[in-house]
Amino acid sequence: MTQTSTTEVTDGKKVRKIAAASMAGTALEYYDFSIYGLAAALVFPSLFFPESSAFVGILASFGTLAIGYFARPVGAIVFGHFGDKIGRKPVLVITLVIMGVASTLIGLLPTYASVGAWAAVALVGLRLVQGIAFGGEWGGAILMAFEYAKPERRGFFASIPQVGPAVGTLLGNAVFLSVTLLPDEDFNTWGWRVPFVLSAVLVALGLVVRLKIAESPEFAVVKQEGTEVKVPIVVVLKDHLKPVLLVCGGFLGYGAFSIIALTYLVGYARNEQGVSSSVTLTAILATCVVQIPVIMLGGHFSDKYGRRLIMTIGPLAAIVAIFALFWSVNTGNPWWIVTGYIVGMGVLFTSAYGAQPALFADSFQPSIRYTGMSLGYQMSNVIGSGLMPLVATLLLKGTGTSYSIAVAIALTLVISMVCLLKLVRISTNLSATVNTQNTTSAAQPAS
């Protein structure tokens, strides 16, 4: 083996290690968010809001879920600032610890029966902490993998941390499924707490992996050249607001689809269709297994065939998927529900999901990339993921048909497609400008 090929193999192993470490942290974050969403759908209304009617209790429970999403942009700004100033790695370690501690404490909270309204206050407070930590986590995880990879492989490697949501949701639902098999009294008393307390173990494992990785080489160049931005958020809002808004719109439909499929439909299937929660949780487990290779294939195909093709096909496939998913749940048939989840969410919805992180990162310069892409992505989660369960609850009550929810999500996916295609143009122009500048700099003789 030649020296060049040996170096390429070593670099390839290093990038894979970095991507795996990024994915491990993202998986933990989504594990925490998935178990919270399931608890909000299944037990929080009765345990923390028992004095309300069933409808108001569900609204209040999903309201606490939404609070975490509203806190995310705060985390994006705060941790994005430090990620663009001191580095990606230290921020990833800090956010991992904060998220895990908050989730563990939720599992130890007293309920309304013990301390009254203070239980809900504590739940909201910890949910805010979760949201702030998550707001800073995702962008750094993506950038570590993205900035280590070669330009022609960035779509694939940036998709690996994006596997984290599937892995985290898979793990969260597996743990939650096991405790739902307990007798109702045990589940409502202590069973629901188990998934949250296990976060402490996962944090320890995640830290072992993340503390071993080095800083992003692209950010190291920014530090070396002294081109850090003093206040990244100011520069982002002043000069790069358009790509921030396009990232927000680009993920809007995907956030809305995901939260409805993973949390709202679990409660809907049980309460409206009489389907056991174990059926929908099993369907979600199977879906997550399918999503893992599909996400990475989406990233790979975006490298091979270009981002534009993937960003055109993906949202259209997701629109078909949301109607198929609601139809399958409305049949009340467990086999159709599992099939609808696997095909609809596992394949169709996920087809462009893995290609999005590289596109988002490519739309910003390295010095403000952490703040820019994180802010856009987390703003999208506020609108799409944070509000959609509340919107869905109101739509179902107002129209009497769950397909009104599917229509609402389809409209957000149309917005996403338009925004994603505009981002492709911005990222292409930015890459061309950077390449021209690099060529010009290389051609200039040294002074």
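Predicted model: local features only at pLDDT ≥ 70, side-chain atom pairs only at ≥ 80, totals over all residues.
Residues are numbered from 1 along each chain as its sequence is written, and side-chain values use heavy atoms, with hydrogens and water left out.

Let's start with Arg-369. You'll find Arg-369 in helix H19, residues 369–399; helices (H or I, at least four residues) are DSSP runs numbered from the N terminus, as are strands (E, at least two). Is Arg-369 buried or exposed? Arg-369 is buried, at a relative accessible area of 4%. Here buried means under 20% relative accessible area, exposed means over 50%, and partly exposed is in between (1.4 Å probe, protein chains only).

What does the side chain of Arg-369 meet in a salt bridge? The partner is Glu-218, at 3.2 Å from N to O. Glu-218 belongs to helix H12 (residues 217–225) and Arg-369 to helix H19, so this pair ties together parts that are 151 residues apart in sequence. A salt bridge here is a side-chain nitrogen of Lys or Arg within 4 Å of a carboxyl oxygen of Asp or Glu. As background, side chains of opposite charge can pair when their charged atoms come close.

Arg-369 has other polar partners too. Its side chain makes a polar contact of 3.1 Å with the side chain of Glu-147, and a polar atom of the Arg-369 side chain lies 3.2 Å from the backbone oxygen of Phe-364. A polar contact is a pair of N or O atoms within 3.5 Å; within protein, one must be able to donate a hydrogen and the other to accept it, and residues adjacent in sequence count only if both atoms are side-chain atoms. How many salt bridges does a search of the whole structure find? It finds seven.

Next, look at Arg-307. Its salt bridge with Asp-303 has the closest N and O atoms 3.3 Å apart. Arg-307 is buried, with a relative accessible area of 13%, while Asp-303 is partly exposed at 23%. The side chain of Arg-307 also meets that of Asp-362 in a salt bridge, at 3.8 Å from N to O. Since Asp-362 sits in helix H18 (residues 356–362) and Arg-307 in helix H16 (residues 307–331), the pair ties together parts that are 55 residues apart in sequence. Asp-362 counts as buried, at 16% relative accessibility.

Now to the surface. Lys-242, Arg-308, Lys-422 and Arg-425 gather there in a patch of positive charge. Patches are made of residues with over 30% relative accessible area and no salt bridge, with like charges joined within 9 Å and nonpolar side chains (Val, Leu, Ile, Met, Phe, Trp, Tyr) within 5 Å. For charge, Lys and Arg count as positive and Asp and Glu as negative, while His and the chain ends are not counted; each charge is placed at NZ of Lys, CZ of Arg, CG of Asp or CD of Glu.

Accessible areas come from the Shrake-Rupley method with a 1.4 Å probe, and for residues only the protein chains shown count as cover. Helix H3 (residues 54–85) gives the most to this patch, with four residues. Val-78 is found in helix H3 and is partly exposed, at 37%.

Finally, some distances to get your bearings. Phe-176, in helix H8 (residues 164–180), is buried at 0% relative accessibility; its C-alpha atom is separated by 29 Å from that of Ala-410, 234 residues away along the chain. Arg-270 lies in helix H14 (residues 241–273) and is partly exposed at 31%. The C-alpha atoms of Arg-270 and Val-329 are separated by 9.9 Å, with the two residues 59 apart along the chain.
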